[in-house]
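Here is a brief report on one protein chain. Please look over the sequence and the structure first.

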Amino acid sequence: MVDALIFLVFAGCVAAILGILWWLASRVRRRGIGGEVMGPFDEIWHPAAHRFRSEIRVQDARAVPMPPRGGSHDQGRDADE
């Protein structure tokens, strides 16, 4: 009986740790902060990751926001433009 209790406590701790890591990973993905936090560790295991992350930053900086649709800037234009 004691062995089963020890196993259940151990399994519960492992499940809790995995659940916390899953929650943290989903939060990092939503907020987009994963590259800054995990960047150094990623470079240790995958040295080309630095180049990849810098390319992503350049692409983010180049992104131009789309103009609002249906605004007053559309008035006065011909339909065939």
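Buried means under 20% relative accessible area, exposed means over 50%, and partly exposed lies in between (1.4 Å probe, protein chains only). By that rule, 5% of the 81 residues in the protein chain are buried.

This is a predicted model: local features need pLDDT of at least 70, side-chain atom pairs count only at pLDDT 80 or more, and totals for chains, interfaces and linings use all residues. Residues are numbered from 1 along each chain as its sequence is written, and side-chain values use heavy atoms, without hydrogens or water.

The protein chain has 3 helices and 0 strands. Its elements run α-α-α from the N terminus on. Helices (H or I, at least four residues) and strands (E, at least two) are DSSP runs, numbered from the N terminus.

The protein chain exposes about 7,800 Å², with 66% supplied by carbon and sulfur atoms. Areas come from the Shrake-Rupley method with a 1.4 Å probe; for residues, only the protein chains shown count as cover.

Two residues are placed below.

Glutamate 43 and arginine 53 are 10 residues apart along the chain, and their C-alpha atoms are separated by 10.0 Å.
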